Amino acid sequence: MNDFPAGLVRDDLRDFTGYASARTSGPTDDAPRIWLNANESGTPSLVDPQGAVRRYPDPQPPDLVAALAAHYGVDAGRVVVGRGSDEAIELLVRSLCRPGADAVVVCSPTFGMYGVSARLHGVPVLDVPQRDTGTGFVTDPGAVARAALGSGARVVFLASPGNPTGAVVPLADLARLAAALSDQAVLVVDEAYQEFTEGPSATTLLAEHPTLVVLRTLSKAHALAAARVGVALAHPGLATVLRRVQAPYPVPVPVTRLALAALAPDAVRGTGHRVAQVRRDRERLADTLAADPRIRGVYRGQGNFVLARCTDADGVLADLRASGVVVRDLRHMVGLDDAVRVTVGAPEEVAAVGTALGTRLRGTGEPGPAPMTAPGTRT
Ligand SMILES: *Cc1c(COP(=O)(O)O)cnc(C)c1O
């Protein structure tokens, strides 16, 4: 395997070993019987009679790491488990960018946490906006490479499928970009919505490209947003650095249990069924939105949401709100000053959007479609 170029890690962190916790610095020889090295309670709580959570957890629970590695088809040494992919984003910025010096590159409109993490770390954010074709968004890999190389950026964040665009960056573009940047910057491909696409994951490029990192999460397709489990899949050399930079004990024991259960075959099959339903409903939701005369454009992206541009966003939002439906108002985002994002919810929730918009159309006598589907008549 190619080495991860050590020069990409912040020079002041290259020999940093991180916090030595009772778990990371404990004995590894024949198992002791009595553990008195971490100031834990010697007896369990009334609320935890078996003592399941009495002790600090393993920072990277080996069974969970193994299950995630198998699920994503990578070696365990590449897996860094964290508090959602949000934490992985944070770890990457902190490990690779010198505060006040090295930049990160993003391609707007995109996920806000890249900019937030950069800002909190005191590093500049360079934006290479995606091109809006009217029906989709396109990332220009050449422009991204020029911006990153020209600015001395250390991290490039691309979400694919993108949020809020739903746009997929072709794997060939990702491979070329990772290669073009490899002497200077890490390419992070955030695949929070990968399950909702048909195409291959960028994990298939990891072996070839030591400076590529792929982010995955259990928050979206796996329906565990509140459990906070996400991973960075990276070169083992970089993974080691990320684990050292990570705040102690990122994975609570109850979370590990839940995540392991979610990665068992039955649960994964269930996730597959839910994802298939979302893909079907995504089209239904896009059709519903496109049929409203106040919506002038719908982006049929590859996530579990639909992005729509409005001529009367206030009206659309008000009608939805009157039916108790909240969607994401994106009008504060650069280039999206007329846009809303609607999540593909449960089938009856998708139907409720149609009802909310369709009711208004009938009620005012304006031309427009009947709701795509009435509640309870899912197809
Ligand atoms: C939702 C989302 C995430 C979230 O991740 P967590 O694993 O819940 O922290 C990451 N990236 C993108 C692009 C998202 O939309």
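**Note on the predicted model**

1. Pro 293 sits in the loop that joins helix 8 (265-290) to strand 10 (295-299). The model under discussion is predicted. The relative accessible area of Pro 293 is 43%, so this residue is classed as partly exposed; the class lies between buried, under 20%, and exposed, over 50%. Along the chain, Pro 293 and Val 316 are 23 residues apart, and their C-alpha atoms are separated by 10.0 Å.

2. How do the axes of helix 4 and helix 5 cross? The axes of helix 4 (residues 141-151) and helix 5 (residues 171-181) come within 10 Å and cross at roughly 20°. Helix 4 is therefore roughly parallel to helix 5, since angles under 35 degrees are counted in that way. The crossing of helix 4 past helix 5 is right-handed.

3. Helix 4 contributes Pro 141, Val 144, Ala 145, Ala 148 and Leu 149 to this contact, while helix 5 contributes Asp 173, Leu 177, Ala 180 and Leu 181. By type, the residues of the contact between helix 4 and helix 5 comprise eight nonpolar, no polar and one charged.

4. The largest nonpolar core has 45 residues, and Leu 68, Val 79, Val 81 and Leu 187 have the most contacts inside it. Neighbours within four places in sequence set aside, Leu 187 is in contact with Val 156, Leu 158, Leu 174, Leu 177, Ala 178, Leu 181, Thr 211, Leu 212 and Val 213. Another core, of 31 residues, lies apart from the largest one and includes Phe 4, Ala 232, Ala 239 and Val 241.

Terms used
Residues numbered from 1 in each chain as written. Predicted model: local features only at pLDDT ≥ 70, side-chain atom pairs only at ≥ 80, totals over all residues. Heavy atoms only, no water. Core = buried A, V, L, I, M, F, W, Y, C linked by side-chain atoms within 4.5 Å. Buried < 20%, exposed > 50% of the residue type's maximum accessible area, 1.4 Å probe, protein only. Contact = heavy atoms within 4.5 Å. Helix = DSSP H or I, 4+ residues; strand = E, 2+ residues; numbered from the N terminus. Axes fitted to C-alpha atoms, helices over the stretch in contact; angles between N-to-C directions. Parallel < 35°, antiparallel > 145°, perpendicular 65-115°, else oblique. Left-handed = near helix turned anticlockwise from the far one by under 90°. Nonpolar A, V, L, I, M, F, W, Y, C, P; charged D, E, K, R; others polar.
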